[in-house]
Amino acid sequence: MEAIILQVLNGLDKGSAYALIALGLTLIFGTLGVVNFAHGALFMLGAFCAVTFSNLLQLSHTVIDETRTDFLGNPLKVDVPYIYDIFGEAVGSSIIDWAVPLSILFAIPVMIALGVAMERGLIRHFYKRPHADQILVTFGLAIVLQEIIKYFYGANPIPTPAPEAFVGSFDFGVMLGFDPGGIVYPYWRLIYFLFAAFIIAGVFAFLQFTTFGMVVRAGMADRETVTLLGIDIDKRFTIMFGIAAAVAGLAGVMYTPINSPNYHMGMDFLVLSFVVVVVGGMGSLPGAVLAGFLLGIIEAFASMAQVLDILPGINQIIIYLVAIVVLLTRPRGLMGRKGVMED
Amino acid sequence: MTDQTTDTIPAATTSASPKAGGGLLGLTKKDFGLFLLVIALTMLAPFLLNPFPENSAMAQFNAGYPDLMQRFVIFGIFAIGFNILFGLTGYLSFGHAAFLGVGSYAGIWAMKLLTLNVIPSILASMLVAGLFATLVGFISLRRSGIYFSILTLAFAMMSFALAYSVLTPITGGETGMQLQYFDPRILDAALEPGQTPRANLFGLDMATSTNLYFGNWVFTLNVGYYIAAFCMLIAFYLSIRIFRSPFGMMLRAVKSNQNRLNYTGISPKPYTLAAFVISGMYAGLAGGLLVAMDTQVGAERMFWTASGEVVLMTILGGAGTLIGPVLGAGFIKYFENIVSKINEATLHTWFAFLPDGLEDVVVAMIYPFVGKGWHLTLGLLFMAVVIFLPGGLVQGGQKLVGLFRRKKADDKTASSHTPAE
């Protein structure tokens, strides 16, 4: 029992990342009908928003500390972050410690701006072109984005730690009444899952309960009629693109403590996220979320030692196997809508 | 793209029965001319690609060394094969590198078990890649569009992951597969311990090269290159024949409207599957040739970025055109090798004529795009091609030619009209 719960938990954090990226992909596909191969790059850019923000916080100037001396007996030079000057040392250092969660505030406007710029600048010109062209141009864009990041941040992963309070693990099993030591789970992964659940709920609530969301849903169902009603649906879809970019970006921001960001992390996730979207059903938001968590958990189970003993290497290919089986048996994916990308 | 197809359809219908057309080798005059041009280019490549004298400042732009030339033609074959699938049927496979990788493994095992002669190895590569493509194609072709892309991608990633982990005894895992002197080559005499096994063609070592010296120029003629080039010419010839055959017409019909094809009572599946398997065998041939040249295989050859690369090559050159994929492959491989070699010091020597401050600015502006940043240039270029030239470099060339022709025609009509007025 403990083992099963542990694997479900292990699957949740990766599943959350899949679900968030797949949700963004589906939003873009459902609204604009564009297959966005640059979505993984947006995830990666989000992660680098966190890196940039924590670098910004740590911008410092050198001060000579007269009270201390270095080993030669000269007054010690200390780097003092500007943020200490503004907020004082205690608050300043805790702000730096909390850089990753705080960069959410930084990432949201940046990612929305990037998303809107991307849609207006490039993707808009590809609505009438075949899906293959959309895939190709966004694939090119993904290469460009990741090379730009590589140029500025180098090819090595940049460690970006979680706040001190959330480093380490806790015994989740004890809370559920199991023996201690059975289910040990890192804090940050639980936070990641909760955060993802919050974002997903937020997106769904936004679409379900606001007028804006209602119009967008109407536009997804029948774009022409909505336009005939005199609503500028293009503008709203552009904003939805920005929101989808922000969702991917936030998934990236919060993922940095789990995996140090590097320039190709987006591509690694992109391939899997596409599989997730297709399994969930093109254009179905609940399908994307469900498939994301499902595949994350299946992958975690396939990585168990007991499973690997029977089927070595199954953890590497299980997602693709599931995708192939689903695509061949349920052509529309798990929850695909009728008439969306059916061929 | 559209004017391209309307252009080729009359040619295709006339050459559908080669005897009636009376062309050479079953090709129309225009195609035969193109084929001759490609033959001349590949045969003279060691000379054409080394236009700069040795030791000169420009020598680093020379591409006439065997390793790179082999890559030109081998990836040319890969792209030609990919184009038969994507260019004709419109099915965008994102997992073609799997066939190249599987072919490579088959090739190296033929060399390990049978003989160091490259012919059985290349045949084994094509056969195994073809079988694997039949399997993958049979399943993947049940869907089309984005689903087909994802399915092929999934198969390729599965092959990659398996080659990297579970299949290590067959694939060598992370270290890859190399030839050893103690391999049980049943058709060859055993090698002495410590002797390096080298691929050969009936005793002719693949790495044999002859250097020709003309003043300061050095031209390297390499056996491996010419064997690969010969394979590419055959591959290219076959692709012309496929493009101009009734089979090619059927594939184009699949691309333009599958429903209509269904209504006429024809199932597109056998045609697309045949195209898929043919293009998989082309990839296998490329993989087998890669093994013949450097006698080693690594799993990274099957990673999805490798599949992406052949897509880039085909689109960049011009999907659906005959010569496009070869151009694209040559273009990408050339710049990959040459542009990535340019470093900051080289840039400084180039712009030394500028005033110091300006020189630094210019170098700083160019530097991100060369050397390690070559992929950035490639990405930008690729985007530009997809946005402005969906027909690739070939379409760009046609547009240029068209521009000149129109000007001339305008001049003529203008001059002929003036007297009448």
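Is the crossing of helix 1 of chain A and helix 12 of chain A left-handed or right-handed? In this predicted model, local features need pLDDT of at least 70 and side-chain atom pairs count only at pLDDT 80 or more, while totals for chains, interfaces and linings use all residues. Residues are numbered from 1 along each chain as its sequence is written, and chains are lettered from A in the order in which they are written.

The crossing is right-handed (the near helix is turned clockwise from the far one by less than a right angle). Helices are DSSP runs of H or I with at least four residues, numbered from the N terminus. Helix 1 (residues 2-32) and helix 12 (residues 265-280) of chain A pack at about 70 degrees, with axes 9 Å apart; axes are lines fitted to C-alpha atoms over the stretch in contact, and angles run from 0 to 180 degrees between N-to-C directions. Helix 1 of chain A is therefore roughly perpendicular to helix 12 of chain A (65 to 115 degrees). Residues of helix 1 of chain A that meet helix 12 of chain A include A:Ala17, A:Tyr18 and A:Ile21.

Between the chains, 34 residues of chain B are in contact with 32 residues of chain A (C-beta atoms, placed from the backbone, within 7 Å). Helix 7 (145-164), helix 13 (304-317) and helix 17 (374-388) of chain B each supply at least two residues of the side of chain B that touches chain A. The largest share of that side, 12 residues, comes from helix 7 of chain B.

B:Phe78 touches B:Leu100, B:Tyr282, B:Ala283, B:Ala286, B:Val310 and B:Ala329, not counting residues up to four places away in sequence.

Methods: Two residues are in contact if their C-beta atoms, placed from the backbone, lie within 7 Å. Angles under 35 degrees count as roughly parallel, over 145 as roughly antiparallel, 65 to 115 as roughly perpendicular and the rest as oblique.
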